[in-house]
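Dear colleague,

Please find the structure below, with the sequence alongside. My notes on the sheet and the helices packed on it follow.

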Amino acid sequence: MTALNRVPSLMVRAGTASALTIAAVGGSIVAPGFTSEAAAATPATKALQIAASKKGSPYKYGATGPHRFDCSGLTLYSFKKAGKKLPRTAAQQYNKTRHISAKNRKAGDLVFFHSGSNVYHVGIYAGKNKLWHSPKSGDVVRLQKIWTKSVWYGRVK
């Protein structure tokens with residue numbers, strides 16, 4: 001049964017019905033150009049949600065999930081589940097993203113930690129200067145404040 005089938009015929013014939021009227025009769029709103037919140041989520045937003053869902057998963061060097069992760073394993077896993085392919089290491093991932101400035105970063109972008117030109121760590125930007133990442137041996141996937149200015153940002157294409 002479609003949403004239109006649930007709207008009283010008088011409203012359909014008239015051609016207009018307010019959202020309040022449709023809701024009052026138990027219908028749902030379907031309009032061109034509008035999608036549900038879940039369908040509107042970008043791959044970056046989905047990847048961020050997937051990374052957050054792995055909170056508390058232990059760090060393990062070389063691990064790509066689904067229960068243990070190293071830093072680039074978490075980003076690879078999260079974006080793969082969101083429908084995007086990334087290479088394995090943090091440096092390779094940096095080279096595959098569109099590089100963006102800190103002022104243009106958005107939730108779901110990748111945060112690359114570097115020393116000089118060497119990228120050594122990656123996480124997923126969560127907004128408010130925080131990221132989801134798998135920090136190091138003995139630690140777990142967690143949300144943390146970005147602790148240094150030696151970061152670059154990349155947007156997955």
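H99 has G154 in β6 as its bridge partner. In this predicted model, β1 and β6 (residues 151-156) pair in the antiparallel sense over four bridges; two strands count as paired if DSSP finds at least two bridges between them. Helices (H or I, at least four residues) and strands (E, at least two) are DSSP runs, numbered from the N terminus.

The open sheet has six strands with antiparallel pairing, in the order β1-β6-β2-β3-β4-β5. β1 (97-100) and β5 (142-145) are the edge strands, each with a single partner, so one side of each is left without a neighbour in the sheet.

Helix α6 (residues 71-81) packs on the sheet and touches β2 (110-115), β3, β4 and β6, where contact means heavy atoms within 4.5 Å. Nine of the eleven residues of α6 are buried, that is, under 20% relative accessible area with a 1.4 Å probe, protein chains only. Among them are C71, L74, Y77 and F79. Their cover includes α5, α7 (90-96), β2, β3, β4 and β6. After α6 comes G83, with a positive phi near 95 degrees.

Residues are numbered from 1 along each chain as its sequence is written, and side-chain values use heavy atoms, with hydrogens and water left out. As the model is predicted, local features need pLDDT of at least 70 and side-chain atom pairs count only at pLDDT 80 or more, while totals for chains, interfaces and linings use all residues.

Yours sincerely

Definitions and conventions. Axes fitted to C-alpha atoms, helices over the stretch in contact; angles between N-to-C directions. Buried < 20%, exposed > 50% of the residue type's maximum accessible area, 1.4 Å probe, protein only.
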